[in-house]
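Q: I am new to this structure. Could you show me how to read it, one feature at a time?

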Amino acid sequence: MTQHDILRLGHQGDGIAEGPLFAPLTLPGETVSGTVEGDRLRDVRILAPSEHRVAPPCRHFKACGGCQLMHASDDFVAGWKQDIVIRALSAQGIEAAFRPIATSPAQSRRRATFSARRTKKGAMAGFHGRASGVIVEIPDCHLLHPDLLAARPLAEALAALGGSRKGEVSVQITLSEDGLDVLARGGKPLDRALEVALAELAGQQRIARLVWEDEPIAMRTPPGQRFDGIRVVPPPGAFLQATAHGQAVLTAAMIEAVGGAGHVADLFAGCGTFALPLARGAEVHAVEGEAAMLRALDGGWRKAEGLKKVTTEARDLFRNPLLPQELERYDALVLDPPRAGAEAQVRQIAESKVPVLGFVSCNPVTFARDAAVLRAGGYLLDWVQVVDQFRWSSHIELAARFSRAHI
Ligand SMILES: C[S@@+](CC[C@H](N)C(=O)[O-])C[C@H]1O[C@@H](n2cnc3c(N)ncnc32)[C@H](O)[C@@H]1O
């Protein structure tokens, strides 16, 4: 056993002592003891706790790998997440004004992917353990919406029916306004007997849609989501903001960012989380790589009332970004790229005259890189807001606004 001071938190939320030595579930400022194993500290004991240490509200926290930061106060986590964004920006020479963080409440996650497997007695479902592949059952999880947590036995039932002896079934369950939207992957190949059994199970449960790999098994009601009240039925497994709270905060931020623009392009538009609410006040062109998501967006627009015109375009924005002359027709853009960011697209935007951009990012490093390209093209970063819909995790999401200094 040796003694160590924890200096900082790593990007995965582990404490780091000199070495570097990674010490899970520790906080900066703490003195700990433990056994060094490679670059990790095992059997960690806290000798002098941080003032930011709190008792984790969830009894599964120590074993479950779902949350990383339940042992730290909300204020500490908020400051740590904002600081990561500040440091990513400052590495690019950018300073920013920060709006107060918006953190989603406990028990608000509306989608989860449960790991499930058959056991000798039946089946089990939960999340992988901390730094392990073992499934930890989480009947009292504090993260998931209660209706989603109540669906965990369904993941077990699916594994009992269609799991192989060795492998895991990954069961993604999303709350929709019509019941559970379920997508299972990694189970046995579908045969007639399994299809009948799965369809029977779907009939007994509050399942709106059940898909096994890519095969639709049951659709009691198309599972709808609401984007600012506008109903859309996303394709199975399609991207959805993690909490209704996070979606509402990000949508409000994007509407505010683009102000009274009359023509907006929503790039990386998904199923229309921002495009459809924006269409209450502007004509919107939604561009996205997945055609099925755009069909869902278009279907939502056609059934909604009172929206301005929305057009869609399936396009790979990494290989084929909108060019400056195509961007000229918009008074504002919204971008919400995947973790890789939007480098090719922002290079074109930097050459354009579009006055205002709303930007949502789930990766501070690629965001800062893209912000530097925009800044070199004459844009100012007006504000940044960390939107923490991944409460208790090390994951970071943000909204930002850019505008042209001189048009
Ligand atoms: C973070 S999601 C945002 C979706 C949407 N804005 C929302 O809030 O629901 C990123 C989106 O980018 C899309 N995407 C990923 N790579 C892409 C690419 N190369 N070209 C166009 N769209 C892409 C994904 O399909 C996904 O819908």
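Q: At what angle do the axes of helix α3 and helix α4 cross?
A: Two packed helices are described by the angle between their axes and the distance between the axes. In this predicted model, the axes of α3 (residues 152-162) and α4 (residues 192-204) come within 10 Å and cross at roughly 160°. Axes are lines fitted to C-alpha atoms, for helices over the stretch in contact, and angles run from 0 to 180 degrees between N-to-C directions. Helices (H or I, at least four residues) and strands (E, at least two) are DSSP runs, numbered from the N terminus.

Q: Are α3 and α4 roughly parallel or roughly antiparallel?
A: Angles under 35 degrees count as roughly parallel, over 145 as roughly antiparallel, 65 to 115 as roughly perpendicular and the rest as oblique. α3 and α4 are therefore roughly antiparallel. The crossing of α3 with α4 is right-handed. A crossing is right-handed if the near helix is turned clockwise from the far one by less than a right angle, and left-handed if anticlockwise.

Q: Which residues of α3 and α4 meet?
A: Contact means heavy atoms within 4.5 Å. From α3 come Leu154, Ala157, Leu158, Leu161 and Gly162; from α4 come Leu194, Ala197, Leu198 and Leu201. By class, this contact has 8 nonpolar, 1 polar and no charged residues. Ala, Val, Leu, Ile, Met, Phe, Trp, Tyr, Cys and Pro count as nonpolar, Asp, Glu, Lys and Arg as charged, and the others, Gly among them, as polar.

Q: How do I read what sits behind the model?
A: Residues are numbered from 1 along each chain as its sequence is written, and side-chain values use heavy atoms, with hydrogens and water left out. The model is predicted: local features need pLDDT of at least 70, side-chain atom pairs count only at pLDDT 80 or more, and totals for chains, interfaces and linings use all residues.

Q: At what angle do α9 and α10 pack?
A: Their angle is about 15°, and their axes are 8 Å apart. α9 and α10 are therefore roughly parallel. α9 passes α10 in a right-handed crossing. Glu343, Val346, Arg347, Ile349 and Ala350 of α9 make the contact with Arg369, Asp370, Val373 and Leu374 of α10. That contact has 5 nonpolar, no polar and 4 charged residues.

Q: Which residues of α1 and α10 meet?
A: Ile84, Val85, Ala88 and Leu89 in α1 meet Pro364, Val365, Phe367, Ala368 and Ala371 in α10. This contact has 9 nonpolar, no polar and no charged residues. The two helices pack at an angle of about 35°, with axes 8 Å apart. Their crossing is right-handed.

Q: Which residues touch the most other members of the largest nonpolar core?
A: In soluble globular proteins, nonpolar side chains tend to be buried together. A nonpolar core is a set of buried Ala, Val, Leu, Ile, Met, Phe, Trp, Tyr and Cys residues joined through side-chain atoms within 4.5 Å. Buried means under 20% relative accessible area, exposed over 50%, partly exposed in between (1.4 Å probe, protein chains only). The largest core has 42 residues, and Leu89, Leu333 and Phe402 touch the most other members. The largest share, 7 residues, comes from α1. A second, separate core of 39 residues includes Leu25, Cys67, Val136 and Ala159.

Q: What is Leu333 in contact with?
A: Leave aside neighbours within four places in sequence. Leu333 then contacts Val258, Ala265, Leu327, Ile349, Val354, Val356, Leu357 and Gly358.

Q: Which peptide bond is cis?
A: Most residues other than glycine have a negative phi, and most peptide bonds are trans. The bond from Gly19 to Pro20 is cis, with omega near 0°. Pro20 lies in the loop between β2 (15-17) and β3 (21-23).

Q: What is the phi of Gln107, and where is this residue found?
A: Gln107 has a positive phi of about 55° although it is not a glycine. Gln107 is in the loop between β6 (98-103) and β7 (111-118). Its relative accessible area is 42%, so Gln107 is partly exposed.

Q: Is Phe268 buried or exposed?
A: Phe268 has 14% relative accessibility, so this residue counts as buried. Its phi is also positive, near 65°. Phe268 lies in the loop between β16 and α6 (275-278).
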